[in-house]
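Welcome! Let us take a short tour of this protein together, starting from its overall make-up and moving on to some of its parts.

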Amino acid sequence: MPTVHVFARDHINTDEIIPARHLTTDVESELAKYAMEDYDKDFVRRVQPGDIIVAGADFGCGSSREHAVWALRGAGVAAVIAPNFARIYYRNSINNGFLALECDGIVEAFQDGDPADLDLKGGTITNTRTGQSLTFVPVPQFALDVQQAGGWLEYMKANDQAALEAESLNAHSTQAGHGHPGQEEQHA
């Protein structure tokens with residue numbers, strides 16, 4: 001059962017997740033050694049594979065760097081759950097197959113070291129110490145598919161490029177437009 005590491009402060013930025021002085025590599029196992037170093041020097045000694053970070057609002061604000069995702073994933077963190085995320089951190093998480101889950105009231109529901117049960121299909125996280133269960137914003141299937149593949153590049157490699165292009169060109173939102181390339185207008 002994963003352990004929760006609570007970083008309750010809002011606006012934890014990417015420099016706190018992985019300090020800029022350690023951006024000399026893109027190797028996750030190297031970056032992992034310094035994850036959350038400027039916020040909590042002992043974090044990397046406590047975290048175990050599959051653990052979860054619970055954080056305050058606007059997690060991952062600041063500089064756009066995939067290293068912030070790589071460092072946490074390299075340290076074994078399975079997911080970060082916060083009320084909301086900085087937009088670029090959220091997108092970097094999806095692109096790298098890392099779970100960034102939005103959940104109101106999450107910081108108040110856990111104490112550092114609590115055990116948790118994360119149910120992605122059910123959309124819940126339960127504090128097994130207290131029994132309190134919270135529902136998080138559902139993860140879009142596309143993001144789950146990218147996560148299961150191990151990231152956007154791996155997802156693209158695993159899927160036929162032509163099928164992906166056809167899927168995006170035939171989306172419901174493009175079928176209703178007038179003069180859409182490749183579609184003839186129907187006259188009555």
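## A first look around

The protein is built with 10 helices and seven strands. Please keep in mind that this is a predicted model. Its chain has 188 residues, of which 40% count as buried. If you look at contacts between residues at least 6 apart in sequence, 60% of them link residues at least 24 apart.

Next, let us visit the sheet. Four strands come together in an open sheet, in the order E1-E2-E3-E4, with parallel pairing. At its edges lie strand E1 (4–7) and strand E4 (99–102), each of which pairs on one side only. On average, neighbouring strands of this sheet are turned by 20° against each other, direction ignored.

Within that sheet, strand E3 covers residues 79–82 and is joined to E4 by four bridges, the two running parallel. Here you can find Ile81 opposite Leu101 in E4.

Now for the cysteines. How many disulfides does a search of the whole structure find? The search finds zero. For background, a disulfide is a covalent bond between the sulfur atoms of two cysteines. Two cysteines, Cys61 and Cys103, are listed here with their relative accessible areas:

| Residue | Relative accessible area |
|---|---|
| Cys61 | 15% |
| Cys103 | 1% |

Cys61 counts as buried because its relative accessible area of 15% is under 20%. Cys103 is buried too, with a value of 1%.

Methods:
Residues are numbered from 1 along each chain as its sequence is written. This is a predicted model: local features need pLDDT of at least 70, side-chain atom pairs count only at pLDDT 80 or more; totals for chains, interfaces and linings use all residues. Side-chain values use heavy atoms; hydrogens and water are left out. Buried means under 20% relative accessible area, exposed over 50%, partly exposed in between (1.4 Å probe, protein chains only). Contact means heavy atoms within 4.5 Å. A disulfide is a pair of cysteine sulfur atoms within 2.5 Å. Two strands pair if DSSP finds at least two bridges between them. Axes are lines fitted to C-alpha atoms, for helices over the stretch in contact, and angles run from 0 to 180 degrees between N-to-C directions.
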